[in-house]
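Subject: A structure for you to explore

Hi,

Here is the structure I promised to pass on. Please open it beside this email and follow along as you read.

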Amino acid sequence: MAAESIAMLPYTISSSDHHRLLPRVLSVSHSHCSAALSRNCLSSSAQSSLLFSNHSLRKCLPPPLKALVTADTQIANTTPLGVDDRVGVLLLNLGGPETLDDVQPFLFNLFADPDIIRLPRLFRFLQKPLAQFISVLRAPKSKEGYAAIGGGSPLRTITDAQAEELRKSLWEKDVPAKVYVGMRYWHPFTEEAIEQIKRDGITKLVVLPLYPQFSISTSGSSLRLLESIFREDEYLVNMQHTVIPSWYQREGYITAMANLIEKELKRFDLPDKVMIFFSAHGVPLAYVEEAGDPYKAEMEECIDLIMEELEKRNITNAYTLAYQSRVGPVEWLRPYTDETIIELGQKGVKSLLAVPISFVSEHIETLEEIDVEYKELALKSGIEIWGRVPALGCEATFISDLADAVIESLPYVGAMAVSNLEARQSLVPLGSVEELLAAYDSQRRELPPPVTVWEWGWTKSAETWNGRAAMLAVVVLLVLEVTTGEGFLHQWGILPLHP
Ligand SMILES: C=CC1=C(C)c2cc3[nH]c(cc4nc(cc5[nH]c(cc1n2)c(C)c5CCC(=O)O)C(CCC(=O)O)=C4C)c(C)c3C=C
Ligand SMILES: [Fe+2]
C-alpha cells in the first residue's frame, strides 16, 4: 500500500519500522484487549486510543506478526459506533451436506476451491472438471460416513444454534447486533448471508470465522471468498468491517476447553492415568512449510495454553497432539492420529481421552472418524478405556467469550478511511481481509493437491511440462468418461460409473 494512504489512516500502528505490515484488524482477539474500553466506544463519540502492553498485544496476534510488535506499539482508533449504526456479526463456517444427495455437490464445492486444490496458473481452467471428477470418485466413501451419522452433517443446525446464542449474549451485553451464518461449501452459503446483511442495512460488520485457529484452507478460504464478494459490490465496499482471524488464545475459550476436559477426566476410574489426546484436523504439510500457514503454530500454542490452564487446576496428565482426516497421498502434518494411537497402545497406554481441537461443533470427523474409527483402532491397539470430550457447541462460557471477542473488536470496525479509488480496489473494502490474507499467504503459491486423483500421476517426479501435459490428457479423458458415461474405460467395463 502506498505510504500516502497509510498516512491518512485514522487507525495506525505507530511502532517505528514495521507499522505498515501489521494488519489493522488483528489486534482484537484476546480478552486482555480492553473490553471496558471497547464498551465505552459504543456510547461515546469521542476518539479512543488503545494502548496495549507489549505482552497483551503480542498475545492478540498470529505468529508472523508477533515479531513486529515492540514495547512502544500504540494503536489509535477513531471510529466509535454512531447512533445510526447497525451492527452485524458474520459467522464463517465450512458447511456440510444435509442429505446423502448433497454429498457429491458439497464435495464438488470443496474441491473447486483453489484454497483446497491450487493448480498451476496455466491449468486453472481445469479446476471445475477436476473437482467434478474427484467429487464423483470420493462421494461413495463420504456418503458411507454421512450415512453412519444419520444421513447428513449436523453442522448447519449447530452453527445456527451458536448464532442464536451469540446474538442473545450480545444483547445481554447491551450490543444489539444481528448474527449471520455464512458457510463456505454448503447452505446457507456466504453469498446468501451477505445478501441478507445488505437487506438488513448493516453498516458495521464483524467477521468471525468459527475456527479457533487460522488456516489458509479454512478461515483463509472463507476470507478469500469474502474479499471477492466485497470487491464487486458498491454497498459492501462502503460497509465497514473487521475480521477476528483466530481466537484460540482467548481466556474464555481456553477455560471452556479446560472445563470440558476436566469434566470428562472425572468419568475415568483413575483420572490422572489418562493420556489426553488432542486430535486436530490435518492440513497438507506444504501449506505450513511452503505457504506459511500459521495453523500448526497456532494449534501448538493453543494446546500449551489449555495444558497450562489444567495445570493451574492441578491436572498434570500426559498429553499429545496428532492430526487426523488426511485425504490423498501427499504428506500432511504429522504425527498422524491413527499412527499415534497404535504407538500409544504399543507403549502400554491403557486410558485415552480424545479431544477434538480444531472445530467447535460436532461433525462427521468427531462423530464418525473419532467416535467409531479411532475408538475401534484404539481398542484393537491395546487401549482399554476410551473417552471423548464433546465439541463446545453452545457451551455458555464459550459463547459469552465469543460475544466479548465481538465487542472488543467493535472499535476496529472500519478503523481505516477509504479515500481514493485505488485504495478501494486494493482493499476489501477497508483493507482488512486482504491484508490479513497477505500476512499469511501473500504469494498464493501453488500447492501440491491433497487429493487422491494425484496418487497415480501428479508427483514430484512428473514435474516436467511434458509429463504434466500427458497427465492432463488422462485427466481430461477421465473427466469426460465420468461426466458423459462414455469412453474407453466404459467400453472395457473398467469404469461402470454413470453421470
Ligand atoms: C480446521 C478444520 C479443517 C481443516 C484445516 C480442513 C482442511 C481440509 N479438509 C479437506 C478435505 C475434506 N474436509 C471434509 C470435511 C470437513 N472438514 C472440516 C474441517 C477442516 N478441514 C470439517 C469440520 C468437515 C466436516 C463437515 C461436515 O459435513 O460435518 C471433507 C468431506 C468429508 C470427507 O469426505 O471426508 C473433505 C473431503 C482438505 C483437502 C483440507 C485441506 C487442504
Ligand atoms: Fe476438511
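**What I found**

The protein is assigned two domains: domain 1 covers 3-92 + 155-248 + 397-441, and domain 2 covers 251-388 (these bounds come from an automatic or database domain assignment). Please keep in mind that this is a predicted model, where local features need pLDDT of at least 70, side-chain atom pairs count only at pLDDT 80 or more, and totals for chains, interfaces and linings use all residues. Residues are numbered from 1 along each chain as its sequence is written, while chains are lettered from A and ligands numbered from 1 in the order in which they are written.

Where do the domains meet? In total, 25 residues of domain 1 are in contact with 23 residues of domain 2 (contact means C-beta atoms, placed from the backbone, within 7 Å). On the domain 1 side, H16 (396-409) gives the most, with 5 residues. Helices and strands here are DSSP runs (H or I, at least four residues, for helices; E, at least two, for strands), numbered from the N terminus.

Next, look for the open sheet of 4 strands, in the order E8-E7-E9-E10 with parallel pairing (strands pair if DSSP finds at least two bridges between them). Its edge strands are E8 (319-324) and E10 (385-388), each pairing on one side only. Further in, 5 bridges join E7 (residues 275-281) to E9 (residues 351-356), and Met-275 has Leu-352 in E9 as its bridge partner.

Helix H15 (residues 364-380) has a kink of about 35°, centred on Ile-370 (the bend is the angle between axes fitted to the seven residues ending at a residue and the seven starting there). Among its buried residues are Ile-364, Ile-370 and Tyr-374 (buried means 20 or more other C-beta atoms within 10 Å of a residue's own, exposed 12 or fewer, and partly exposed in between, with C-beta atoms placed from the backbone). The buried residues of H15 pack against several elements, including H6, E7 and E9. Just after this helix, Gly-382 takes a positive phi of about 105°.

Finally, why does Gly-145 count as partly exposed? It does so because 17 other C-beta atoms lie within 10 Å. Gly-145 sits in H6 (residues 127-148) and, leaving aside neighbours within four places in sequence, is in contact with Ile-364 and Glu-368.

Enjoy exploring!

Best wishes

Definitions and conventions:
Two residues are in contact if their C-beta atoms, placed from the backbone, lie within 7 Å.
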